[in-house]
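Subject: Structure for your review

Dear colleague,

Please find below the sequence and structure that I am handing over to you. My findings follow directly after them.

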Amino acid sequence: MITLIPGALFLFAVLGVVEVASRTGIVNGAVIPPPSMVAMIFLQIVTSGAFVAPLLQTLELLFAGYLTGCGLALLCGILMGSFRPVYNLFEPLTELLRPIPKPALLPALILFLGLGSTMKVTVVALAAFFPVLINTIQGTRSVDVTMIDTARTFGYGKAQILWRIVLPAAAPYYLAGMRVSLAIGLVVIVMAEMLTSNGGVGATLIDMQHEFKVRQTYGWLAVLALTGFSLNALFTWIERRLTFWSAS
Amino acid sequence: MTSRAAGIVLVLALLALWEGSVRFGLVHSANWPAFSTVLGALYQNVMDGALLTVIGSSMWRMLCGYALGSIVGVSVGLAIALYRPVRLALEPTIELLRPVPITALVPALIFVFGLDDRLKIVCVAVATFFPVVVNTVSGAATVDPIYLQVTRTFGIPRSMAIRRVVLPAALPFILAGLRTSLAIALVVTVIAEMLAGQQGIGYYLVSMQYALRAPEMYAAIILLTMVAYTLNRLFLMWESRLIRWARTRELEA
């Protein structure tokens with residue numbers, strides 16, 4: 001805890017410099033507002049409850065897409081990682097689709113699925129899918145064959161081997177992919193909301209920018225920053241609990 | 001190679017299904033042009049130079065931002081790894097800012113940097129910075145302290161020790177960070193161009209969607225995918241040449 005003090009001092013020093021620069025006009029206060037003002041706006045957004053509806057919408061669509069993408073990727077990844085023929089069949093297709101920058105698909109998805117929730121959930125699921133898929137294939141393959149053979153010797157069936165041996169052994173890989181996907185998912189849902197302007201924190205943020213409400217823009221940015229930070233912290237916590245036995 | 005035959009057949013079959021679904025009238029939609037129509041649009045737009053100008057301008061902004069973010073990332077990473085006060089001061093702020101979704105920064109950055117080149121370069125630089133800095137720090141941490149003690153014993157200046165000992169040892173990690181960032185840089189360029197201004201492949205994509213010119217839109221996505229794939233391949237080649245010694249040492253060990 002003590003080691004956090006210099007870091008906090010540094011942060012406050014930077015904010016202090018910006019505060020003074022903005023108030024004295026060294027930087028244009030109209031585009032870089034004093035941090036204290038932004039903090040006030042942020043508190044207003046939080047205490048008035050204005051953040052609840054947009055944030056809930058964003059998180060709901062994020063999780064719907066994220067869980068769909070992760071679920072499908074885990075299923076496909078375990079199949080591709082366990083059975084060589086399945087891997088051979090789908091590997092070229094994966095290599096073809098993986099490098100597509102997923103936000104570039106947004107215009108196409110909008111044409112097909114419109115501007116609503118379906119489109120947003122789909123793009124998040126697509127973006128979340130590939131990092132989890134690649135990690136799941138790798139993780140499933142990395143499971144020690146001796147462990148699987150031993151389990152088989154002791155009469156474990158296929159389902160039992162999967163549940164008791166493969167899943168726990170490969171879990172750190174799966175979770176690493178899911179962590180990357182969560183960050184990507186947040187980027188993509190905010191992006192989709194900005195392009196469609198029908199609710200969510202991303203839409204609120206871009207509306208504030210269009211209306212040139214500078215302080216509000218920064219205030220809502222803080223909401224999203226805090227969301228990103230909390231999601232990451234939450235994931236780290238879950239990851240530690242699920243893989244408590246893996247030292248690294 | 002033969003083991004991939006089935007997979008390649010699958011890809012071809014899906015493309016044929018795409019083509020056939022339009023040719024035989026299974027799907028009637030302006031949003032769903034035949035694969036051959038998309039390839040035609042790609043060929044035509046590349047040949048008349050329109051798409052090349054657009055992707056070229058995007059690549060230029062991307063590389064500017066990528067270079068900026070990489071240089072700052074490696075420098076800050078080395079400073080954090082080598083000087084404890086710098087680590088104590090900077091690390092909490094970096095950990096605090098790292099999970100901020102880059103898309104959320106775009107509107108605020110528009111106020112400061114406008115809608116054009118500077119905005120996109122800054123967005124790319126910010127997105128590039130974090131993976132590079134984190135990897136540089138963990139790379140520099142792998143340097144055997146004895147090596148540094150040896151340089152001190154022989155009175156080698158610190159700057160030289162950093163260049164000749166720390167940097168090479170951290171290089172595989174730094175390169176891993178740079179490769180992650182390269183993929184991110186391209187995506188962020190497209191994101192920023194889609195959200196602000198009227199330049200580059202990102203804006204092209206959005207404007208083709210508004211104009212309901214689906215073939216051009218898909219052509220742009222295919223081109224972007226080819227660029228992303230090529231960049232990654234080129235980087236992998238460069239990377240394996242640069243750190244060949246790292247792998248041979250691993251093999252010897």
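A residue is called buried if 20 or more other C-beta atoms lie within 10 Å of its own, exposed if 12 or fewer, and partly exposed in between. Please bear in mind that this is a predicted model.

Leu59(A) lies in helix 3 of chain A, and it counts as partly exposed because it has 17 C-beta neighbours inside 10 Å. Leu75(A) is found in helix 3 (residues 52-82) of chain A as well; with 12 C-beta neighbours inside 10 Å, Leu75(A) counts as exposed. Distance along the chain and distance in space may also be set side by side. Leu75(A) and Ala13(A) are 62 residues apart in sequence, and 49 Å lie between their C-alpha atoms. For Leu59(A) and Arg241(A), the separation is 182 residues in sequence and 23 Å in space, C-alpha to C-alpha.

I turn next to the contact between the chains. Chain A contributes 48 residues to it and chain B contributes 45 residues. On the side of chain A that touches chain B, the elements that give two or more residues are helix 1 (4-24), helix 4 (84-97), helix 5 (106-113), helix 8 (158-196), helix 9 (201-210) and helix 10 (214-242) of chain A. Which of these gives the largest share? It is helix 10 of chain A, with nine residues. By class, this side of chain A has 39 nonpolar, eight polar and one charged residues.

Helix 5 of chain A also packs against a helix of its own chain. Two packed helices are described by the angle between their axes and the distance between the axes. For helix 5 of chain A and helix 6 (residues 117-142) of chain A, the angle is about 145° and the axes are 9 Å apart. Their crossing is right-handed. Leu106(A), Leu109(A), Ile110(A) and Leu113(A) in helix 5 of chain A meet Thr118(A), Met119(A), Thr122(A) and Val123(A) in helix 6 of chain A. Six of the residues in this contact are nonpolar, two are polar and none is charged.

In chain B, helix 10 (residues 214-242) has 29 residues. From its first C-alpha to its last it reaches 42 Å, close to the 42 Å expected at 1.5 Å a residue. Its buried residues include Ala214(B), Met217(B), Ile221(B), Leu224(B) and Leu231(B). The cover over the buried residues of helix 10 of chain B includes helix 5 of chain A, together with helix 2 (35-47), helix 3 (50-82), helix 8 (158-195) and helix 9 (200-210) of chain B.

The domain assignment divides chain B into domain 1 (1-30) and domain 2 (33-252). Taken over C-alpha atoms, the centres of these two domains of chain B are separated by 34 Å. Six residues of domain 1 of chain B are in contact with six residues of domain 2 of chain B. The side of domain 1 of chain B in this contact has four nonpolar, no polar and two charged residues.

Finally, two loop residues deserve a look. Ser197(A), in the loop between helix 8 and helix 9 of chain A, has a positive phi of about 50° although it is not a glycine. Leu212(B), in the loop between helix 9 and helix 10 of chain B, is likewise not a glycine and has a positive phi near 55°. Ser197(A) is partly exposed because 14 other C-beta atoms lie within 10 Å, whereas Leu212(B), with 10 C-beta neighbours inside 10 Å, counts as exposed.

Yours sincerely

How values were computed. Residues numbered from 1 in each chain as written. Chains lettered and ligands numbered in written order. Predicted model: local features only at pLDDT ≥ 70, side-chain atom pairs only at ≥ 80, totals over all residues. Domains from an automatic or database assignment. Contact = placed C-beta atoms within 7 Å. Nonpolar A, V, L, I, M, F, W, Y, C, P; charged D, E, K, R; others polar. Helix = DSSP H or I, 4+ residues; strand = E, 2+ residues; numbered from the N terminus. Expected span 1.5 Å × (residues − 1). Axes fitted to C-alpha atoms, helices over the stretch in contact; angles between N-to-C directions. Left-handed = near helix turned anticlockwise from the far one by under 90°.
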